[in-house]
Each structure stands twice: as structure tokens, then as C-alpha cells.
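Notebook open. Today I want to look at a sheet and its helices, then go through some aromatic rings.

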Amino acid sequence: MLLQKLSLCSRIPLDPQRHLCRLLTRPLTQALQSRAHGSSFAHRGELRQAKRIVVKLGSAVVTRGDECGLALGRLASIVEQVAMLQNQGREMMIVTSGAVAFGKQRLRHEILLSQSVRQALHSGHNQLKDMSLPVLEARACAAAGQSGLMALYEAMFTQYSTCTAQVLVTNLDFHDDQKRQNLNSTLQELLRMNIVPIINTNDAVVPPPEPNSDLQGVISIKDNDSLAARLAVEMKADLLIALSDVEGLYNSPPGTDDAKLIDIFYPGDQQSITYGTKSRVGIGGMEAKVKAALWALQGGTSVVIANGTNPKVTGHVITDIVEGKKVGTFFSEIKPAGPSVEQQTEMARSSGRTLASLHPDQRSEIICHLADLLTERKEEILAANKTDMDLAVSAGHLPSAMIKRLSLSPAKLNSLAIGLRQIAVSAQDSVGRVLRRTRVAHNLELEQITVPIGVLLVIFEARPDCLPQVSALSIASGNALLLKGGKEASNTNRVLHQLTQEALSLHGVTQAVQLVSTREEVEDLCRLDKMIDLIIPRGSSQLVRDIQRAAKGIPVLGHSEGICHVYVDADASVDKVIKIVRDSKCDYPAACNAMETLLIHRDILRTPLFDQIIDMLRTERVKIHAGPRFASYLTFSPSEAKSLRTEYGDLECCMEVVDSMQEAVDHIHKYGSSHTDVIITESEETAEQFLQQLDSACVFWNASSRFADGYRFGLGAEVGISTARIHARGPVGLEGLLTTKWVLRGDGHTAADFSEHGNMKYLHENLPVGQTLAGQRDSN
């Protein structure tokens with residue numbers, strides 16, 4: 001009987017009453033609800049709902065590289081993840097390999113010990129080097145290793161107060177109805193008692209697998225892949241995670257030049273797969289895994305095949321899969337209508353290269369046509385925007401500042417069109433512009449020219465006006481573009497993207513700008529480091545910080561905070577102070593270039609100017625938070641600022657007192673975000689010192705902080721404001737989306753020509769550049 005095969009852990013150092021209490025209360029506290037079994041999850045994001053999960057550990061995952069013994073560190077991290085998910089209220093089962101490897105290690109040790117004793121007695125120590133090991137029979141290794149493997153699992157799970165049980169099965173157990181019912185009943189009871197069943201084929205007695213022995217509609221137990229699939233369906237599991245030594249399923253054998261990891265695999269795609277050789281251990285292979293996965297999928301269990309041996313991800317691979325992250329290959333029965341984000345990126349890159357090769361007049365023509373479409377089709381755009389606005393207002397969860405960003409108007413569309421036409425003019429001399437020209441030697445000329453960065457990913461929240469702006473800048477700079485907009489503006493974004501593609505079709509580059517509308521998580525997009533060259537976030541500081549953390553190997557252009565300061569000097573003009581402070585704070589409080597901290601010179605306190613500043617802020621309904629020093633001057637002060645490093649994004653600001661311009665600079669360096677900072681003074685000497693000493697992306701004298709904007713700078717538009725130190729800083733327009741390459745034109749030159757025995761000498765003459773584009777060589 002199978003119940004006789006069951007070995008419950010009985011030596012766990014856990015208080016019995018506490019353990020019983022945990023068993024009794026668990027069904028009351030678990031947040032996960034059982035779902036009706038019969039259909040698998042359609043999208044990765046739904047895997048968070050998985051309650052009953054089978055984790056299959058392949059031989060390559062469990063065993064060491066020498067195939068003799070277990071990979072203990074790897075196994076420990078997997079146990080930790082399973083225990084954590086179990087304690088979340090999920091029902092975890094493990095199908096494991098490793099008994100043969102563990103037994104092989106044990107038997108080899110015993111044989112070596114026995115041989116060394118015999119040889120030491122008869123031949124002396126000098127003969128120990130010549131000892132050879134006999135070939136070990138797999139069933140004997142399994143018999144010797146099974147108990148040790150289970151004891152190891154038991155010891156590891158004990159560290160997390162988790163109980164385990166061992167279940168050994170063979171193919172016959174599934175063909176016999178009574179045994180199959182007993183197995184199901186045993187496992188159900190174990191799961192009910194919050195015990196993790198650890199299941200393995202009984203390799204000590206299992207017969208060799210018979211080829212083509214599958215019954216109709218039933219998968220035979222030939223290996224642990226088929227065992228895991230059969231078990232998952234029998235137990236109505238929501239998810240089967242199959243861990244192996246490869247990242248997932250590839251379209252051709254991993255390691256070949258054209259091999260690409262398949263993110264989502266659909267039934268019927270088998271013909272497009274070329275399988276490679278099996279792993280170094282185990283009897284399955286990827287073909288067996290795919291067959292088992294498809295069988296489980298047909299039975300209503302979702303499947304993910306992933307790498308369990310990569311030390312960079314092993315510690316969180318299982319939890320990442322359950323959280324819906326893009327790990328391994330996800331098997332799904334539902335094929336989306338559109339292309340995957342990887343396919344969109346490839347299409348954008350291919351079309352982007354054509355875009356970059358167009359004549360500047362052609363790129364300008366595309367942008368001008370898009371500007372015309374914004375005004376000609378404004379009714380269509382505004383109707384879509386009204387739908388988004390109505391949905392946002394009825395949902396009631398968006399703050400007023402975001403509602404304002406979401407809204408479009410005829411005036412806003414006209415302003416966008418004007419900005420796009422400015423970009424069209426700039427596009428005339430952007431790509432291929434010669435920055436430097438050097439005559440290295442006779443008939444050897446070197447040029448440094450501007451080129452596109454490649455593929456840009458722009459992630460923006462509820463600001464649909466961003467789409468045509470960024471699209472125009474990408475077209476002007478010859479870059480391919482992926483756009484990921486907030487769901488709040490989905491209808492508006494869809495219409496604006498259609499118009500963008502309509503403009504691009506003028507010169508056959510429709511696919512150069514792609515709108516990602518799949519259920520792709522932003523974090524997953526940030527992992528496409530081999531496909532995306534630059535990420536540009538447009539949104540809240542939290543969005544920017546999240547993307548900067550999630551980006552793996554991809555540069556991020558942006559700023560995490562817009563803590564902008566306005567410093568009112570002792571020599572400031574009253575009229576300028578009131579105008580600039582009002583505009584900097586009240587014109588658009590949610591903007592990243594709005595004033596967040598007002599620094600006042602100490603001599604201004606208790607003067608008419610100070611009273612006028614306070615009266616103006618009160619009239620504009622600006623809530624003042626007093627800095628610690630400012631509060632010390634007042635008998636009844638406003639609410640004290642919780643932090644001097646706060647971006648309010650609303651009609652609120654911090655006010656603080658400083659003794660001098662130098663102290664203002666020091667304060668900004670300590671609490672600012674290097675975005676935009678302003679000095680108001682009539683002293684040119686003080687102003688120049690401020691402008692030179694302050695290390696921010698934008699530093700202004702007697703001008704509002706709101707001027708930190710690509711449109712106001714004459715850039716036509718901007719993709720964002722960068723506070724980074726390299727590549728681009730401040731409002732980033734067309735120039736910030738270009739990089740350079742070096743082009744050398746020779747006439748059979750070699751490095752040997754310039755060696756000690758060569759006949760040529762370096763000239764290194766700087767040649768005039770002018771306004772010429774690459775290929776238009778100077779006549780000198």
C-alpha cells in the first residue's frame with residue numbers, strides 16, 4: 001500500500017501545541033482561495049493566484065557538477081523559497097531527483113574505503129593511486145541514496161518549521177485505479193495538514209522505460225518530468241514549475257548562434273522547435289519536458305520551465321515565477337492577437353535602421369505630417385481622451401494633478417503641433433552631422449559623426465501628450481521607439497499611436513514606433529538589456545526610482561526627484577520676487593520644475609518684502625512648511641517641515657532662512673536633487689557666484705524655475721529632464737537622443753605603414769567641419 005511508503009517527519013523540534021494551533025488556524029487566515037480547476041492561467045500575471053503548486057527539480061538542479069553528490073547550497077535556496085510559499089498559505093509539492101547521485105556518492109565512498117583498507121593491508125600505500133571504481137548500477141545507487149536524500153530535505157525544511165513527507169511511486173501506481181486513489185487520498189491529507197510531500201519515482205525497483213508506451217490520453221511515468229505532469233493533473237495543481245539547467249525553451253539548441261529563448265510557448269508550436277541533446281544527467285531532456293508540459297497544460301495546469309542552476313537567480317527563481325515575473329518559458333493555451341514585446345522590439349529596430357538612413361527632409365516630412373494630423377483629427381483624439389477622462393473620474397482613485405495631465409484640449413493639441421514643427425526643423429541636421437574631422441595622414445581622413453542611440457523605451461504615466469512629442473524626437477534622431485503608457489490613457493494613446501504610424505507610412509517605416517499594449521510588466525521590459533539601448537521614464541519620482549532599480553544593464557535617463565529651490569537674496573527686487581516665486585510654485589505645482597523650497601535671506605525677515613511674499617502665497621492657497629531655522633524666528637510658526645528634502649507636487653512648499661548666498665548654495669547641495677535652482681538678486685557679482693558654484697542641471701538668475709523645459713529652451717519638445725552627470729543633462733531634446741561613431745576613410749593604409757620601418761607619417765590635422773553631413777567631404 002502507498003500509505004506504507006509514507007514516512008512522516010517525526011523528529012522536528014517544534015512545540016506540539018503550537019504546531020497543532022498552526023494547523024487549525026491556517027485555513028482561516030490564508031488569503032488564497034481555491035479556484036475551479038479545468039483551465040490554465042492565460043497570462044503570467046495570473047500566476048500570483050496559484051494556490052496548489054508542484055515544483056519539479058531535475059537531476060541537473062539537484063546534483064553537483066561531478067554527478068556525485070548533491071548541490072547543497074542550491075538545494076537550500078530552493079527549500080527556502082518553497083517553505084516561504086507554503087507559509088503564505090499555498091500548497092506546495094516537490095517532485096525531486098537526486099537519489100541516484102546521492103547513493104552514488106555514498107557507495108563510491110564505501111568502495112574506496114573498502115579498497116583502501118584491503119590494499120593497505122596487502123600492497124602498501126603506494127598502490128592506492130591505482131584504485132579503480134566499478135560501474136555502479138543505478139537501482140543500487142537509488143536504494144542507497146533515497147533515505148539520505150529524504151533526511152537532507154527533512155533537516156532543511158525543519159529550519160523553517162515545515163514538515164515533510166516522502167512518497168515513492170512507480171508507473172504501476174498510476175495504472176491501478178485503487179493505488180491511484182490511495183495516492184491521491186494520501187497527498188490530499190498531507191496537504192490538509194500543511195505538510196510538503198516530497199515525491200520521487202522508486203528508482204530502486206522501477207523497470208527501464210518502454211518506448212512509445214503512452215496510453216491514449218495518459219502520459220506514462222518514464223522520468224520525473226512525466227511524473228510531475230501526471231501528478232499535477234491528478235492533484236488538480238494550479239501551477240507546475242519545472243526547474244532544469246537551461247533558461248527555458250529555445251527555438252533551437254541553446255548555445256547555437258540563432259537560439260532565442262521563447263517567452264511564451266503555445267500548443268501547436270512544436271514544429272518550430274529543434275531539440276538539442278539531453279542534459280549531463282537525468283533521462284529526460286527538453287523534448288520530454290515539453291511533452292510533459294503540454295500534457296499538464298491540456299489537463300488544466302499552468303507550466304513554467306526555468307533554470308534552477310544559475311547562481312544569479314536560483315535564490316528567487318521560484319518566487320519570481322509565482323509573482324508573475326518573466327522567468328523561463330510560460331506555457332499558455334491562449335495566443336494573443338498581436339506580437340510579443342520582443343517581436344515588437346525587433347520590428348522597431350529593423351524599421352528604425354531604415355528610418356535612420358532616410359534623408360533628413362524625409363524625416364522632417366514625417367514629423368510635419370504628424371503635426372498636421374494632430375489638428376486635422378483633433379475630434380477623434382479628444383473623443384478618445386474624453387472616454388479616458390470619464391473612466392478616470394468614475395474610478396475616483398487618480399489625484400487631481402494626474403487628472404490634469406491626462407486631459408487634452410484643442411489648445412494643447414495646437415501647442416503640440418507647433419512644438420513638432422520646431423522638431424522637424426531641427427531634424428534637418430541631426431543624424432550624420434560631422435562633429436570633428438581630422439586628416440590623420442595623406443588620404444587617411446577620420447570623422448566623428450552623430451548617429452541614433454538605437455532602440456528607446458519610454459515609459460510614461462497618465463500624460464498622452466508625451467506620445468507625439470517623444471515620437472517626433474525619436475523620428476528626428478532616427479531612433480526606434482517602444483512606448484509603454486499608463487492604462488489611464490489607453491484610448492488616447494491608441495489613437496495617437498495610430499496617427500504616428502500613419503505619418504511614418506509616408507516613407508515605409510511604420511513599425512519604427514511601437515506601442516506596447518500587452519500585459520507586460522514594466523519590470524520585465526527593463527530586463528530586455530539585449531534589445532533596448534536606453535530607458536526614459538516620464539512620470540512621478542516613484543516611477544523613476546522603480547525603473548532605475550529594475551533596469552538591468554540598460555541606462556536610464558531621468559531624474560528621481562524635482563526638489564527645486566528659489567533663493568531670495570538680500571538685494572532682490574520686490575517685483576521680481578513676487579512674480580518669480582508665484583510662477584515657480586503656482587503655475588503648475590505638479591511639474592518637476594516647480595519650486596518646492598523657498599530660501600529667504602535673513603535680512604529680508606520682518607520687512608515689507610517678506611510680508612508681501614507671505615500674503616501672495618496665502619492668496620494662492622499655498623501651504624507653508626517651516627524649516628527648523630525659520631520656525632525658530634516665529635512665535636506662531638506654520639507646520640514644521642518633516643524633511644527639507646521633500647517634493648510636494650502640490651500647492652505646498654518649504655520655507656527656510658539662510659545667512660548668505662554661500663549658505664544657500666550649501667543648503668541646495670545638501671537637500672536638493674540637482675534639477676533646477678534659482679537666485680533672485682540685483683547683484684551681478686552674487687548672481688555669477690551662484691551660477692558658477694551651484695552644481696545643478698539648470699541654474700537660473702532672475703527667472704522662474706518653470707523655464708526648465710525643452711519647449712521653452714527652443715528644443716521643440718523634450719523626452720524628460722536628466723540630472724545625470726553623463727550623456728545628457730537638463731531638458732533632453734533631440735541632441736540628447738544621439739550618440740557618435742568614428743568613420744575612417746583610407747586608401748589601403750595599414751598600421752605597419754606608420755611603424756619605424758614604414759614610409760608614412762601621422763599628420764593629425766584638424767579640418768573645418770562647417771554644417772556638412774557625413775559623406776560630404778571637404779575639398780582640402
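Which strands does helix α12 lie across, and at about what angle does it run to β13? I'm working from a predicted model here. I find α12 (residues 341–357) lying across β12, β13 (480–485) and β14, and its direction is at about 145 degrees to β13. Helix α17 (residues 466–477) packs on the sheet too: I get contacts with β12, β13, β14 and β15, and about 165 degrees between its direction and that of β13.

Next, the sheet itself. I read off an open sheet of four strands, ordered β14-β13-β12-β15, with parallel pairing. From one strand to the next, the twist averages 20 degrees. I also checked β12 (residues 455–460) against β15: parallel, five bridges. Val458 is opposite Ile536 of β15.

Then the rings. My search of the whole structure turned up five aromatic pairs. One of them, Tyr567 with Phe690, is stacked, with 6.4 Å between centres and 20 degrees between planes. Tyr567 is in strand β16 (residues 564–568) and Phe690 in helix α25 (residues 684–693), so this pair ties together parts 123 residues apart in sequence. I find both residues buried.

For Phe610 and Phe630 I have centres 6.0 Å apart and planes at 70 degrees, so I log the pair as edge-to-face. Phe610 belongs to helix α22 (residues 608–619) and Phe630 to helix α23 (residues 628–632), so the parts tied together are 20 residues apart in sequence. Phe610 and Phe630 are both buried.

Last entry: Lys404 sits over the face of Tyr588, 4.9 Å from the ring centre.

Terms used
Residues are numbered from 1 along each chain as its sequence is written. This is a predicted model: local features need pLDDT of at least 70, side-chain atom pairs count only at pLDDT 80 or more; totals for chains, interfaces and linings use all residues. Side-chain values use heavy atoms; hydrogens and water are left out. Two strands pair if DSSP finds at least two bridges between them. Helices (H or I, at least four residues) and strands (E, at least two) are DSSP runs, numbered from the N terminus. Axes are lines fitted to C-alpha atoms, for helices over the stretch in contact, and angles run from 0 to 180 degrees between N-to-C directions. Contact means heavy atoms within 4.5 Å. Rings of Phe, Tyr and Trp (its six-membered ring) pair if their centres lie within 6.5 Å; planes under 30 degrees apart count as stacked, over 60 as edge-to-face and the rest as tilted. Buried means under 20% relative accessible area, exposed over 50%, partly exposed in between (1.4 Å probe, protein chains only). A charge sits over a ring if NZ of Lys or CZ of Arg is within 6 Å of the ring centre and within 35 degrees of the ring normal.
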